[in-house]
Amino acid sequence: MDMREIQVFRAVMRAGTTSKAAHLLGISQPAVSQAIRRLETAAELRLFERVRGRLVPTQEASALIEEVDRCFSGFEMIEHRIRSLKSFGLGRLAVGALPALGTGFMPRAIAHFELATRRVQLSFQILSSREVYQRVLAGQLDFGLMADELDVSGLEHSEFLRVPGVVAMAASHPLARKPVIEPADLGAHPFIALNPEDASRRRLEAMLHERGHEINPILETPYSNTICELAMRGLGVGLVHPVMALDYLQRGVALRPFALEVSFCTLLVFRPGNPLSENAKAFLRSMRIQLNADLAQLAPVLGNAPC
């Protein structure tokens with residue numbers, strides 16, 4: 001089986017017609033058709049039905065293209081890596097983070113890292129925890145930050161941050177007059193919740209249930225920053241990640257400690273047997289320095305709660 005025939009097959013599946021595939025590949029339309037026939041013969045599979053002069057993919061072709069795309073994505077990563085090495089030598093760093101730390105904290109950490117003074121090209125992606133896990137496992141990220149709600153088998157990991165959640169509300173909300181929010185307060189006001197699968201929400205509901213309290217969310221969302229945006233507009237209150245919520249303190253959001261310690265845990269993950277580069281280590285140091293600065297700024301809200 002020839003790799004060129006696989007490439008032609010992929011072009012046909014992506015372009016939809018042999019003529020468009022031929023144009024993409026810079027070859028003739030008959031050459032495309034011949035390559036597809038050779039591939040079908042070698043694979044002993046019928047990949048396309050011939051309908052009025054057009055190639056219509058079979059179920060086998062649809063199943064095969066998934067594996068072909070995975071294979072070619074690896075080649076594309078290699079090509080991207082080669083271009084990066086030409087431009088920056090070994091000074092490339094790829095990092096991913098979950099939204100709770102990706103939207104505010106990580107930009108602050110990147111600013112502290114002072115990229116302009118270093119010969120480093122940084123690729124920073126805000127991803128779901130599942131995507132962080134998958135991309136670190138595949139070697140597409142040097143390291144990542146993800147929530148503790150997923151299994152991290154196959155990766156080295158350590159706890160980057162564990163911090164108690166705080167209750168966010170509009171500064172004009174009645175609860176903003178209280179120094180500490182009690183469990184009963186959450187049931188007495190419209191509540192904006194993280195999605196049911198979120199580990200922090202599950203911890204909150206378990207603690208409340210033990211004490212005879214429940215929440216009845218009027219809204220659910222996967223992100224703490226969305227809770228802050230909604231709370232800022234007077235739609236309710238919600239338990240959020242305090243480091244994420246730091247940016248909202250100057251935007252009309254009040255943050256108050258919660259009487260129960262419902263933790264938000266963030267894991268640092270990287271591939272085993274793949275030592276971090278000096279650039280990655282330096283960036284991690286900047287992240288930890290910025291984290292300490294953020295927690296110091298949050299001290300009046302967090303009080304004596306452990307972090």
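Which residues does asparagine 195 touch, not counting residues up to four places away in sequence?

**Entry 1: basis.** I noted that this is a predicted model, in which local features need pLDDT of at least 70 and side-chain atom pairs count only at pLDDT 80 or more, while totals for chains, interfaces and linings use all residues. Residues are numbered from 1 along each chain as its sequence is written, and side-chain values use heavy atoms, with hydrogens and water left out.

**Entry 2: asparagine 195.** I looked up the contacts of asparagine 195 (heavy atoms within 4.5 Å) and found Arg201, Glu220, Thr221 and Pro222, not counting residues up to four places away in sequence. Asparagine 195 lies in the loop between strand E8 (191-194) and helix H9 (199-210); helices (H or I, at least four residues) and strands (E, at least two) are DSSP runs, numbered from the N terminus. Asparagine 195 is buried, with a relative accessible area of 18%, where buried means under 20%, exposed over 50% and partly exposed in between (1.4 Å probe, protein chains only).

**Entry 3: the sheet.** I then traced an open sheet of three strands, in the order E10-E7-E11, with antiparallel pairing; two strands pair if DSSP finds at least two bridges between them. Strand E10 (238-240) and strand E11 (253-257) stand at the edges, each with a single partner strand, so one side of each has no neighbour in the sheet. Five bridges join strand E7 (residues 166-170) to E11, and the two run antiparallel. I located valine 166 opposite proline 257 in E11.
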